[in-house]
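Subject: Structure for your review

Dear colleague,

Please find below the structure that I am handing over to you. My notes on what was found in it follow directly after it.

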Amino acid sequence: MKTYIFLGSLALGAQLAASGAMANDLTVATWGGSYTQKQRKAIIDPFSSATGTKVLDAAYSGGLGQIRAMVEAGNTTWDVIQLGAAEVINACAEGLVVPLDVSKLKHAAEFDKSSVSECAIGSAGWSMIIGYNSKAVSAEPTSWADFWDIKKYPGKRAMRREAKYNLEAALLADGVKPEELYQILGTPAGVERAFKKLDELKPNIQWWETGAQPAEWLGNGAVAMSTSFIGRILEAKAEGAPVGFTWSGAMYSVDSWAIISGTKNEAAAYDFVNFATSAQAQAEFSKLQPVAPVNLGSAALLPAERVAIMPVGDNLAKNIHLDHVFWNDNLEALTERFNAWLAR
């Protein structure tokens, strides 16, 4: 019987490399830590039980450096990878991942067309939301205009130290309609408008750089509101922290599964991707991790209280879909502009 492998951590990966993994081992690269452990329980172990295979996971740290190095060296040691939306665009353009044969994707018809691209298929949806300290605000904020309103909602604000998310938030706070957001941000006048709006809030902003900081700062009252990944706020709330959030104005994105170029296990890679994109597998993962299933059949398999804390259905309708093609084309220039603005 063939053995396919899913590496659990850097340490385990090193141990396996030292012992010499079998040529037919299947390696899946994902985000690591508790996220991967939940994937193992919901997806990996059930896949192993159903197919009689073993799988190892490799720790993926984001960007394209890790996979570019192995593909360019002709030594692809990973087979499947979970990528962010921007990485999917660039990895596909560089030939670092395999163009998918849709006829081999058993569940492609169960996905919104926007979640299946030339080189990837959706693994999980997530949102950047407005979080708040429930003791510091008198009423739940419901818009980016509220986030900017220091008089009505006194206190510091925390925002991620980067151009993405903040320029969108600024324009939305300034009254731009979501459907016109990227059309306006794609013009010099729109960029000027966004930075002018950021100028208003700048004296009250505390910049965060790690995902744990917003929930920590909200919980201890250091800030009254913050942008945050939804999962961090939910974890803090479950632990009793005085935090809340709104879906209004949240920014939604989808991570995806892709198959790395040069894999010697393409058939097994498709088997894994098909298992991981089934309605049942995505629902099981969403029961453990506060991310949204992307398979449209998954939500019906989740309890109502779980759906309520995910960007699906009515919640998703309140989200803005991040335009990763826009950011792929404009990230360098807008980051340079943002950094210069920060330094003023």
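One disulfide (a pair of cysteine sulfur atoms within 2.5 Å) is found when the whole structure is searched. In general terms, a disulfide is a covalent bond between the sulfur atoms of two cysteines. Here the partners are C92 and C119, whose sulfur atoms lie 2.0 Å apart. The two cysteines belong to distant parts of the chain, 27 residues apart: C92 sits in helix α4 (residues 85–94), while C119 sits in the loop between α4 and β4 (121–133). The torsion about the S-S bond is about 50°, so the disulfide of C92 and C119 is right-handed.

Before you read further, please note that this is a predicted model, in which local features need pLDDT of at least 70 and side-chain atom pairs count only at pLDDT 80 or more, whereas totals for chains, interfaces and linings use all residues. Residues are numbered from 1 along each chain as its sequence is written, and side-chain values use heavy atoms, with hydrogens and water left out.

Helices (H or I, at least four residues) and strands (E, at least two) are DSSP runs, numbered from the N terminus. A residue is called buried under 20% relative accessible area, exposed over 50%, and partly exposed in between, with a 1.4 Å probe and protein chains only.

Two helix pairs come next. Axes are lines fitted to C-alpha atoms, for helices over the stretch in contact, and angles run from 0 to 180 degrees between N-to-C directions. Angles under 35 degrees count as roughly parallel, over 145 as roughly antiparallel, 65 to 115 as roughly perpendicular, and the rest as oblique. A crossing is left-handed if the near helix is turned anticlockwise from the far one by less than a right angle, and right-handed if clockwise. Contact means heavy atoms within 4.5 Å.

Helix α2 (residues 33–51) packs against helix α11 (residues 266–276) at an angle of about 120°, and their axes are 10 Å apart. The helices α2 and α11 are therefore oblique to each other, and α2 passes α11 in a right-handed crossing. On the α2 side, the contact is made by I43, I44, P46, F47 and A50, which meet D271, F272, F275 and A276 of α11. The residues of this contact comprise eight nonpolar, no polar and one charged; Ala, Val, Leu, Ile, Met, Phe, Trp, Tyr, Cys and Pro count as nonpolar, Asp, Glu, Lys and Arg as charged, and the others, Gly among them, as polar. S49 also belongs to helix α2, and S49 counts as exposed, with 65% relative accessibility. The C-alpha atoms of S49 and D314 are separated by 35 Å, and these residues are 265 residues apart along the chain.

The second pair is α8 with helix α15 (residues 324–343), packed at an angle of about 30° with axes 12 Å apart. This angle makes α8 roughly parallel to α15. The crossing of α8 past α15 is right-handed. From α8, the residues V191, E192, F195, L198 and D199 meet L334, R337, F338 and W341 of α15. That contact has six nonpolar, no polar and three charged residues.

Helix α8 (residues 188–201) also contains K197, which is buried with a relative accessible area of 12%. Leaving aside residues up to four places away in sequence, K197 touches W148, A170, A173 and D174.

Which residues of α6 are buried? They are N166, L167, E168, A169, A170, L171, L172 and A173, and α6 is thus described as mostly covered, with eight of its eight residues buried. Y165 has a positive phi of about 80° although it is not a glycine, and Y165 is buried at 6% relative accessibility. After α6 comes G175, with a positive phi near 100°. G175 lies in the loop between α6 and α7 (181–185) and is exposed, with a relative accessible area of 55%.

Finally, helix α12 (residues 279–288) has A279, A281, Q282, A283, F285 and S286 as its buried residues. Their cover includes α2, β4, α11 and α13 (304–307).

Yours sincerely,
A colleague
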